[in-house]
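Me: Could you take a close look at one part of this model for me? I would like to go through its salt bridges.

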Amino acid sequence: SKWILYIQEDMWLRRNIDTTILKDIIKYADEKNADSIKLHFKIYYYDSYILEPTEDFIGGMRILKHSQGENLLLSHNATIWRKDYILDNQKFGEDPWTNEIEGSKRMSSKPHNHYLYNIHWHAQPGISDQGEFSQEGFVYGHIVVEMKNMELIYNMRK
């Protein structure tokens, strides 16, 4: 496939995305020769993305474009990536945290074409942050407790 959807394992889905919107996003990515289109909410306190509005809309939502120059382009938030582009910008041996920072530097050092579809459809910034529950994780804490209880019950039955 030319396009891949990457979602980090600490990003738990909150709701679905209409498949028509996903198809329109991929069509848009093809038309714009995009390197990626991020599919997540622009968090109000997150200043690492430098975004500009476009004149384009999908499903009534304005598409935003990452500005040229230094930008957090290789976040591990839900993103549709052009497969050859993401593979060209990976470096063997980087842990996830280094990968986001150094990968973003590699991508930002040359002309790039990244977009953002501003939708809140998964837990963000994630259930965990380097192994600890994030603030949003506490919102889902009851789910984690239920999962742990199910695991305990399962293990007791073994």
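How many salt bridges does the count come to?

Reply: Happy to: the count comes to 6 salt bridges, where a salt bridge is a side-chain nitrogen of Lys or Arg within 4 Å of a carboxyl oxygen of Asp or Glu. This is a predicted model, so local features need pLDDT of at least 70 and side-chain atom pairs count only at pLDDT 80 or more, while totals for chains, interfaces and linings use all residues. Residues are numbered from 1 along each chain as its sequence is written, and side-chain values use heavy atoms, with hydrogens and water left out.

One of these pairs is D30 with K2, whose closest N and O atoms are 2.9 Å apart. This pair links distant parts of the chain, 28 residues apart: D30 lies in helix α1 (residues 19-32) and K2 in the segment before β1 (3-6). Helices (H or I, at least four residues) and strands (E, at least two) are DSSP runs, numbered from the N terminus. D30 is partly exposed at 36% relative accessibility, and K2 is partly exposed at 43%; buried means under 20% relative accessible area, exposed over 50%, and partly exposed in between (1.4 Å probe, protein chains only).

Helix α1 also holds K32, which is 24 residues from its partner D56 in strand β3. D56 is partly exposed at 23%, as is K32 at 35%.

Finally, D84 and R82 meet at 2.7 Å, N to O. Here R82 counts as buried at 14% relative accessibility, whereas D84 is partly exposed at 43%. Together with D35, R82 and D84 are linked in a network of salt bridges.
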